[in-house]
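My entries follow in the order in which I made them.

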Amino acid sequence: MDNDRSAFINIGGDKYELILTTKATREIAGRYGGLENLGDKLLKGENFEMAISEIVWLITLLANQSILIYNLKHADKPKHVLTTDEVELLTVPSDLGEYKTAITEALYRGTKRNIESETNPKNAQVG
């Protein structure tokens, strides 16, 4: 995948690429009402159990995007898609801080806009 739009984490000894796709954005919007509400929900978790559940759901969603893209391109040899149960079993609570950083990085990279200025001779001032 394009490293400019992803972040990487380790789950159970395997490296996973977190990607914010349009599909993932739609699922986040359905769950939280939009990306802008995601941070509030994660930071203001009503309790520790709910906060863990939300982070695990988000990790699973973003990690599965790269797997789904791979499976789309390699239908003859698909990879297993992660479940939230697998993510919970293959991680320890101390991983969550690292994962939050990777989530933030993947979300930022997925939503950033590259603005480039074009030099247009028509608009250039002549001395």
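I began with Y70, which touches K77 and K79 when residues up to four places away in sequence are not counted, a contact meaning heavy atoms within 4.5 Å. Before going on I noted that this is a predicted model, in which local features need pLDDT of at least 70 and side-chain atom pairs count only at pLDDT 80 or more, while totals for chains, interfaces and linings use all residues. I also noted that residues are numbered from 1 along each chain as its sequence is written, and that side-chain values use heavy atoms, with hydrogens and water left out.

Y70 lies in helix α3, and at 21% relative accessibility Y70 counts as partly exposed; here buried means under 20% relative accessible area, exposed over 50%, and partly exposed in between, with a 1.4 Å probe and protein chains only. I then turned to S66, which also lies in helix α3, residues 48-73. S66 is buried, with a relative accessible area of 14%, and, leaving out residues up to four places away in sequence, S66 touches E17 and I19.

For the overall layout I found five helices and two strands, taken as DSSP runs numbered from the N terminus (helices H or I, at least four residues; strands E, at least two). Along the sequence the pattern reads β-β-α-α-α-α-α, and of the 127 residues of the protein, 35% count as buried.

Next I looked at helix α5, residues 95-111, whose 17 residues reach 24 Å from the first C-alpha to the last, close to the 24 Å expected at 1.5 Å a residue, where the expected span is 1.5 Å times one less than the number of residues. In α5, D95, L96, Y99, A102, I103, A106 and L107 are buried. Seen down the axis of α5, these buried residues fall within an arc of 135°, so they line one face of the helix, the arc being that of the directions from the helix axis to the C-beta atoms. On the other side of α5, T101, T104 and Y108 are exposed.

Finally I asked at what angle α3 and α5 pack. The angle is about 50°, with their axes 11 Å apart, each axis being a line fitted to C-alpha atoms over the stretch in contact, and angles running from 0 to 180 degrees between N-to-C directions. That makes α3 oblique to α5, since angles under 35 degrees count as roughly parallel, over 145 as roughly antiparallel, 65 to 115 as roughly perpendicular and the rest as oblique. The contact is made by I52, I55, L58, I59 and L62 of α3 and L96, Y99, K100 and I103 of α5.
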